[in-house]
Amino acid sequence: MSKLFVTGRRKLSGEVCVQGAKNSALPILAATLLTRGENTIHNCPELSDIEASIRILRYLGCDVKRYNKTLLVKGDSADRYDIPDELMRKTRSSIVFLGAMLARTGKARLTFPGGCEIGPRPIDLHLKAFRKMGVSIREKHGFLECEAPKGLYGTKITLSFPSVGATEDIMIAASLANGTTTIINAAREPEICDLADYLNECGAKIYGAGEGVIVIDGVNSLGAAQHTIIPDRIVAATLMSCAAVTGSSITLKGIISSHLASIIPAFEDAGCTVKISGGNLKINAPQKLESMRTIRTMPYPGFPTDAQAPMLAASCIAEGTTVFVENIFENRYRHTSELVRMGANIKTEGKVAVVQGVNSLYGASVEATDLRGGAAMVIAGLCADGITEIGGIKYLERGYEGLELTLSSLGANIKKI
């Protein structure tokens, strides 16, 4: 079992390229199942979640090859419509294969997905939508058995919540459905737009991605495409938090500034200077951070729930009080008890966390409980006195590509053992 050892109080400097977005790559990989020919997917990060999706594709009969950050995926010979429980449990995003298999074969057999335990993320929105599209669904012995005996057909689907996963699943399935599908109250995240761009490059007809209403005209078939995954906005926010807590100046290369529009103001409130030039972002942090007042997580274009934990870690050493209101997931403050072990002053009740900044944190032995919570502990360790020992880094490796190597290149003292 690997651990990270972080020696704090080191200034960071230099520049790094931001990795490709995990939450964009995963649905795009699932969508390759719909295509004929060889897809070339660039800027695909090397993560355990990505490897889990590759294993699913190979199990289904796809040919997948990796060359550094590029994946070649050919699904012509894919003929299975089931996913074993062992593979489903590897990642939450495995549920997006449901829409892909239904579109490809007209049926699917799988179990409920796994992933981080950050609160209920029910798939009822997925199932309700597919029933409207002509799919019969039975739950039997822990498996979901789904079949569209007359094929998928377009319909109007209104989501009760703008779920990213449900929007992606419906978009993929609707691309090959008969007729037109309209998604009302669709998710608007950049990852939705990236998936739509990929599918349209393959020959799909998707309109309105990034808006509240998405219209998909089903087509008979999709060809392969060459596509580059967008940069990961949550990794960018994490690295900005690393700079903020160490009073450092770093440059992030290859970002899309509009994707960070709700995040940058929080750093500016904390006293950081953020300058954007083309695809580069330079953050210059003060020696002492100021409080960020109130941060409320919301669906895009609001403040992202995945950036809450990194920002909360940064607020632990800010002057004054910062209030966080978590509106997306119920159980997303599990990392706070570990930060308290490092000397943080955090009070939580329900969806609210109140952080009273302290002068300094101190190194301790802590355990990552989920992906973004693990990142929060790394951030805290960077500014703490002494050495912080972080266990459970398998969670970090789900979404951060060699985080210890990236931070070491900027001057951090962090080692994976």
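**Figure 1. Helix α2 and its length in this predicted model.** Helix α2 covers residues 48-60; helices here are DSSP runs of H or I with at least four residues, strands are E runs of at least two, and both are numbered from the N terminus. The end C-alpha atoms of α2 lie 19 Å apart, which agrees with the 18 Å that its 13 residues should span at 1.5 Å a residue. That expected span is 1.5 Å times one less than the number of residues. Just after α2, glycine 61 has a positive phi of about 110 degrees.

**Figure 2. The buried residues of α2 and what covers them.** Which residues of α2 are buried? They are Asp49, Ile50, Ala52, Ser53, Ile54, Ile56, Leu57 and Leu60. Buried means under 20% relative accessible area, exposed means over 50%, and partly exposed falls in between (1.4 Å probe, protein chains only). The cover over these residues includes the helices α1 (22-31), α3 (85-88) and α4 (97-105), along with the strands β5 (63-67) and β6 (70-74). As a reminder for reading this view, an α-helix has 3.6 residues a turn, so residues three or four places apart point the same way.

**Figure 3. A salt-bridge network that includes Asp49.** A salt bridge is counted when a side-chain nitrogen of Lys or Arg is within 4 Å of a carboxyl oxygen of Asp or Glu. By this rule there are 19 salt bridges.

**Figure 4. A salt bridge between distant parts of the chain.** How far apart are the closest N and O atoms of arginine 372 and aspartate 306? They are 3.8 Å apart in this salt bridge. The two residues are 66 residues apart: arginine 372 sits in helix α12 (residues 371-383), and aspartate 306 in the loop between β19 (294-296) and α10 (308-315). Arginine 372 is buried at 2% relative accessibility, and aspartate 306 is buried at 16%.

**Figure 5. The whole chain and the model's confidence.** The protein chain has 13 helices and 25 strands. Its radius of gyration is 21 Å, close to the 22 Å from the globule rule for 417 residues, so the chain is as compact as a globular protein of that length. This radius is taken over C-alpha atoms, and the rule is 2.2 Å times the number of residues to the power 0.38. Of the 417 residues, 58% count as buried. The average pLDDT, the predictor's confidence in each residue from 0 to 100, is 95, and 98% of the residues score at least 70. Over residues 115-121 the pLDDT is below 50. Where pLDDT is low, the predicted coordinates should not be read in detail.

**Notes.** Residues are numbered from 1 along each chain as its sequence is written, and side-chain values use heavy atoms, leaving out hydrogens and water. In this predicted model, local features need pLDDT of at least 70 and side-chain atom pairs count only at pLDDT 80 or more, whereas totals for chains, interfaces and linings use all residues.

Methods. Contact = heavy atoms within 4.5 Å.
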